[in-house]
Amino acid sequence: MEIKRAQKIEEIIAELKKLKTDLNGYAVEKNIEFFEAIKSPMRYIGWLLFSANKIDKEQILELSDFPKEEWEEDLHKNLIKMERKKIPGMIEPLKKKLVQIINDKNPRLVVNLGAGAMELERQIIEVLLKKGSAKNVTFVAIDKSIIAKRLAVENLAQFKEDIELEEVGRVTKDRLLENNKKNIRVILCSNDIFELDKEFGEGFFDVVCFAKFKHHLQDVQKKRLDTIIAIIGKYIVEFDDYRSWWLLIPQSIATWGYPVLMNGAVFSRLRDYTKKELRGRSVAGNRLSFFKNGSYMIESIKP
Ligand SMILES: C[S@@+](CC[C@H](N)C(=O)[O-])C[C@H]1O[C@@H](n2cnc3c(N)ncnc32)[C@H](O)[C@@H]1O
């Protein structure tokens, strides 16, 4: 495992060096520093103590943000594995909340922004099918990544007899208003998230949610996203990790054997909001919760 890991790190550094000239130079440089550091625990501790806190969260990119299929695939496959583990239950609070909303409120349209390989929906659908409790719910998964979409289809393959699954480039209002043929319908698409207000309008989606997505955006995009979801959604659930130095330690240990996932785990934590920032964003009527696994949730419901 150590040899494979070391080899993988060398390959990543070599690929990053090739990228350096034509892409975001700052992000490439910081990624190279990170991968040099994780060659040994001592070097990594040094990096955590002296370099990590100087990283500019507006400019940094995670490895999977670079247009390289192999890195994206590696991240999503390992993310699925981690998200399936009962401990730390990475997406458990959001899964429980969405199952509860679906059971209590019977939403017709649930959209997930930056849905990735759809492990969240896979876990929710598993519960709904077991209970036989889903009635005409359509999960709309939006993601710009073709790799994520392919992995999502594979991830949901276990339900192929029980759900309707459609893959489209851009989903339209009319298509979403069509009647479901089965109780659970899933639509994978890559609509531009920043145009959703123009395409769908006021309160079109019963539920808008997203997990581990917002930290990928720059500040100006985060503000635009907040405006858009407030227009298109009736019930909004934002879920991500919060920034905490302490949580970097167990996370680094858990992902040490998987360099791409470790990069995503550590860099995303550095890009996340702090608890203080999250409390500062809180507005009347919103409910902010923190969870032991290092995540937060903001629920906002339109009257
Ligand atoms: C860390 S992954 C999280 C995936 C999934 N939500 C989960 O929790 O497993 C972030 C996802 O956001 C997607 N993404 C990032 N920026 C995006 C954008 N502007 N539009 C659509 N998807 C985006 C990426 O392709 C990636 O699949």
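Residues are numbered from 1 along each chain as its sequence is written, and side-chain values use heavy atoms, with hydrogens and water left out. Since we're working from a prediction, local features need pLDDT of at least 70 and side-chain atom pairs pLDDT 80 or more, while totals for chains, interfaces and linings use all residues.

**View 1. Around the ligand.** Glu83 puts a polar side-chain atom 2.8 Å from a ligand oxygen atom, and His76 has one 3.4 Å from an oxygen atom of the ligand.

View 2. Asn112 sits in strand S1, residues 109–113 (strands are DSSP E runs of at least two residues, helices H or I runs of at least four, numbered from the N terminus). Asn112 counts as buried because its relative accessibility is 3% (buried is under 20% relative accessible area, 1.4 Å probe, protein chains only). Leaving aside neighbours within four places in sequence, its contacts (heavy atoms within 4.5 Å) include Val140, Ile142 and Phe210.

**View 3. Lining of the second largest pocket.** Here a pocket is an open set of points on a 1 Å grid over the protein atoms alone, where a 1.4 Å probe fits, with protein on both sides within 12 Å along at least five of seven lines; lining residues have an atom within 4 Å of a point. Of the 16 lining residues, Asp226, Ala230, Val283, Asn286 and Ser300 are closest to the centre. Strand S6 gives the most to this lining, with four residues.

Key: Buried < 20%, exposed > 50% of the residue type's maximum accessible area, 1.4 Å probe, protein only. Polar contact = N/O pair within 3.5 Å; in protein donor to acceptor, adjacent residues only side chain to side chain.
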